[in-house]
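Reader: Hi! Could you walk me through this structure, one question at a time?

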2 protein chains.
Amino acid sequence: MDEKNFKTIQEIGFSKLIEKFESKTGKKRTDILTGIGDDASVARIENGKVVCTTSEIYLEGVHFDLTYTPFHHLGYKIVTAAVSDIYAMNAEPQQVLINLAIPNRYSVQMMEELYKGIDAAAKDYNVQITGGDSTASHQILAISVVCVGTAAEEDIVYRNGAKKDDVVCVTGDLGAALAGLRVLLREKKAWEETEGTSFQPDLEKYEYVVQRQLVPVARYDLINSFSELKIQPTSMIDITQGVVNELQFLGKRSNVGIEIFSPAIPISFETRNIADEMQEDVDKYAFYGGEDFEMLFTLAEENVEKLKTEFDDFTVIGKIESKEKQLSINTGEDRTIKIDLF
Amino acid sequence: MDEKNFKTIQEIGFSKLIEKFESKTGKKRTDILTGIGDDASVARIENGKVVCTTSEIYLEGVHFDLTYTPFHHLGYKIVTAAVSDIYAMNAEPQQVLINLAIPNRYSVQMMEELYKGIDAAAKDYNVQITGGDSTASHQILAISVVCVGTAAEEDIVYRNGAKKDDVVCVTGDLGAALAGLRVLLREKKAWEETEGTSFQPDLEKYEYVVQRQLVPVARYDLINSFSELKIQPTSMIDITQGVVNELQFLGKRSNVGIEIFSPAIPISFETRNIADEMQEDVDKYAFYGGEDFEMLFTLAEENVEKLKTEFDDFTVIGKIESKEKQLSINTGEDRTIKIDLF
């Protein structure tokens, strides 16, 4: 191939690459209500009933590291990540399909451990595993996961519904999964440096954040509360790439600005301690840390008190503004950081 | 890990491994009509409407070889394989989701070629691409593909409906995709042996079989004819792992025996020529060759003539028998090969 025709993906970045694919989506069907660009696709089946579908691919060494991830936890986590995308549409996950490509070095027992984690998560989230092909792989373990969920068409919550004066909320606390990852990577390094000795990592005092990294839980409790209280958030997205990233998506898709009051962002005591130990800024963990699987959602203000009657593990962190504001992060020290939306 | 606890997957085989997973499928839901074990899962959505879902994972060097597969063709083929599974349920494909994990050595242009093939196939099969994440990969290109289709619950055709005295049919001709692969592998070897010279493979005389390997077409024409004529096959499966393999699945799932008259199996002139060139038995190509994406189906006998009025690219190759017959292949020379069902 001609050298001037060889543009690396790094030069343009993955999000620009995905944009290039957006014009190559085959037949434009009227029964597809949303395609690429939300947590899951939405397809009309009949009479106001829709299905939401999401899929992911995970490669060993890129998306997970088996030196510190037990197979059981890996299985649990990939199911959590899949159902979380369906919950983020305010839909009910129904089935999960999983394909494995397995290299020789892994045993039957290891794959059974992986499947035990998948099974445990599927039970917790009330979904059935309906597809599960396994093939050989040369070098790395590769996994693909699909989740299909259902909802009434009118209940679906997209990323694009946030309106001026809505409040911006997040569940749980942020940055803990990244704090857990930092601990695991430090222990891995220590283990590598002492290989041959009887080094045993002491993870007990880091249990909360390690748990958040290895066995995250999708927030079905929030979705159930919405359903019981008949509250519909105006927009929603699950936090997998850091809250700043998700806010940029949400603002762009909803065509609004967002003001965040950063001291309000919930951060656990344990996450703060680890940032201190690592001599890092804990705000970076909370703003940019991925894989928390908490929910970011916007609500009409009058629904905040109503939601609290059933579900109180959420925090108001800001407000939807007009578009010119972009994403404004008020640090509470007379300083506002302005970030462009995607 | 304990050595006696390290059983390699090769020792038990992938189909036994998948069986082990069949007890680990999470919550058993009543709205899942079929899970693992057919071409696609079937989930009830509402009022007799179901969705069928299938997914696959493909790794470079394991499932495809980019030295002889143009990106455009690869894109077309992965969509064909996905929709073919949905057609095999007698359902209509609606949407396809694709995830790519891309190593550095591939350019933006190459990935655009891949997507052009995906787009072309999606248009041909009338489906929309509704998910398309792209991430980095260290070594190999990895692709996951999902297809979701819809049908009336009563129209779904499973693998388990074949009944004694039904006729067994296949569309098109068999073994051509394997013949094409043999040619491509021979040319690849020749190319490697002459590297540095101006070797150019001459594939023109092999066009039919190379096309069958690189750009297979899923048999929506058969499914459309069933729909127009209101014929429902009693069982159906697409031929991706060789017809003998698929017959074993079909017999096992339907709990019947099958008698095949092997001289009736349709084999193209071009496939026969290549087997001769390679000094191989053409029956092996037709029996065990994968990736033809033809359909294997069973019909009540009275429907054969009816189907022919609209669609004649199929051949009756045998008959459903009682279970004791297992899979009996009558070679037409007073010799019958008996093969156990799975």
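This is a predicted model: local features need pLDDT of at least 70, side-chain atom pairs count only at pLDDT 80 or more; totals for chains, interfaces and linings use all residues.

Reader: Which strands stand at the edges of the open sheet of 7 strands in chain B?
Author: The pairing in this open sheet is mixed, and the order runs S9-S11-S8-S12-S10-S13-S14. A strand at the edge has a single partner strand, so one side of it is left without a neighbour in the sheet. That describes S9 (235-239) and S14 (336-339) of chain B.

Reader: By how many degrees are neighbouring strands of this sheet turned against each other on average?
Author: The value ignores the direction of the strands. On average, neighbours in this sheet are turned by 25°.

Reader: Are H5(B) and H6(B) roughly parallel or roughly perpendicular to each other?
Author: Helix H5 (residues 176-193) and helix H6 (residues 207-214) of chain B have axes that come within 7 Å and cross at roughly 100°. Angles of 65 to 115 degrees count as roughly perpendicular. The two helices are therefore roughly perpendicular.

Reader: How many residues of the contact of H5(B) with H6(B) are nonpolar?
Author: H5(B) contributes residues including Leu181(B) and Val183(B), while H6(B) brings Val209(B) and Arg212(B), among others. Of the residues in this contact, 2 are polar and 1 is charged, and the nonpolar ones number 10.

Reader: How many of the 17 residues of H3(A) are buried?
Author: Helix H3 of chain A covers residues 71-87 and reaches 25 Å from its first C-alpha to its last, close to the expected 24 Å. H3(A) is largely enclosed by the rest of the structure, because its buried residues number 16.

Conventions. Residues are numbered from 1 along each chain as its sequence is written. Chains are lettered from A and ligands numbered from 1 in the order in which they are written. Helices (H or I, at least four residues) and strands (E, at least two) are DSSP runs, numbered from the N terminus. The expected span of a helix is 1.5 Å times one less than its number of residues. A residue is buried if 20 or more other C-beta atoms lie within 10 Å of its own, exposed if 12 or fewer, and partly exposed in between; C-beta atoms are placed from the backbone. Two strands pair if DSSP finds at least two bridges between them. Axes are lines fitted to C-alpha atoms, for helices over the stretch in contact, and angles run from 0 to 180 degrees between N-to-C directions. Angles under 35 degrees count as roughly parallel, over 145 as roughly antiparallel, 65 to 115 as roughly perpendicular and the rest as oblique. Two residues are in contact if their C-beta atoms, placed from the backbone, lie within 7 Å. Ala, Val, Leu, Ile, Met, Phe, Trp, Tyr, Cys and Pro count as nonpolar, Asp, Glu, Lys and Arg as charged, and the others, Gly among them, as polar.
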